[in-house]
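Subject: Structure handover

Hello,

Here is the structure for you to look at. Please open it first, then read the notes below.

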Amino acid sequence: MVSGRRKQTRAKKEETTWQERVIQIRRVSKVVKGGKKLSFRAIVVVGNERGQVGVGVGKASDVIGAVKKGVADGKKHLIDIPITKANSIPHPINGIGGGAKVIMRPAAPGTGVIAGGAVRTVLELAGVKNILAKQLGSNNPLNNARAAVNALSTLRTLTEVAEDRGVSIEKLYI
């Protein structure tokens, strides 16, 4: 009996650290021999608000199953993001996902998340509090979410840049 309780508390802890938000649920149909087969596609963003975020897609014959699959897919595709002391990103960045382009710029403390649609959800669940972002090209939520994740995955800190160039951090400022 004790081991069963431990498993339950561990599962609850895991649920509290990860937040999930459904961006879109769409009913899709496939034409088969007997007619049309209906299923649901869910786009889900998973994040811990401490620099980890992922976008997942799930398809199932019911909405709940599609969301569960989307959460599992999102956890498989997690990325780590460097966040500054001002709860922003280290430098301006662009991202591309399909036909969607996303531009992100760091912002001063107190600015908030100025972004729209799927990009806003991705940034909030990543733990970024002060940022300016703009979607260009496409309005598709999946492509915009993937463009945001693409942009965030290419972020680099000053220490990483200094290491790559083989110089000290002080010399980067000069």
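A salt bridge here is a side-chain nitrogen of Lys or Arg within 4 Å of a carboxyl oxygen of Asp or Glu. Please keep in mind that this is a predicted model, where local features need pLDDT of at least 70, side-chain atom pairs count only at pLDDT 80 or more, and totals for chains, interfaces and linings use all residues. Residues are numbered from 1 along each chain as its sequence is written, and side-chain values use heavy atoms, with hydrogens and water left out.

Salt bridges

By that rule there are three salt bridges. Arg-21, Arg-120 and Glu-124 form a linked network of them. Arg-21 meets Glu-124 with the closest N and O atoms 2.7 Å apart. Arg-21 sits in strand E1 (residues 19-32) and Glu-124 in helix H3, so this pair ties together parts that are 103 residues apart in sequence. Helices (H or I, at least four residues) and strands (E, at least two) are DSSP runs, numbered from the N terminus.

Glu-124 also bridges to Arg-120, with closest N and O atoms 3.2 Å apart. Both lie in helix H3, four residues apart, about one turn of the helix.

On exposure, buried means under 20% relative accessible area, exposed over 50%, and partly exposed in between (1.4 Å probe, protein chains only). Arg-21 is partly exposed at 31%. So are Glu-124 at 24% and Arg-120 at 33%.

Arg-156 and Asp-164 make another salt bridge, at 2.6 Å from N to O. Arg-156 is partly exposed at 37%. Asp-164 is exposed at 57%.

The sheet

Four strands form an open sheet in the order E5-E6-E8-E7, with mixed pairing. Strands E5 (93-97) and E7 (113-114) stand at the edges with a single partner strand each, so one side of each has no neighbour in the sheet. Two strands pair if DSSP finds at least two bridges between them. E5 and E6 (residues 100-106) pair in the antiparallel sense over five bridges. Asn-94 stands opposite Ile-103 in E6.

Helix H3 (residues 117-126) packs on this sheet and touches E6, E7 and E8 (131-136). Contact means heavy atoms within 4.5 Å. The direction of H3 makes about 145° with that of E8. Axes are lines fitted to C-alpha atoms, for helices over the stretch in contact, and angles run from 0 to 180 degrees between N-to-C directions. Helix H4 (residues 141-153) packs on the sheet too, touching E5, E6 and E8. The direction of H4 makes about 140° with that of E5.

Best wishes
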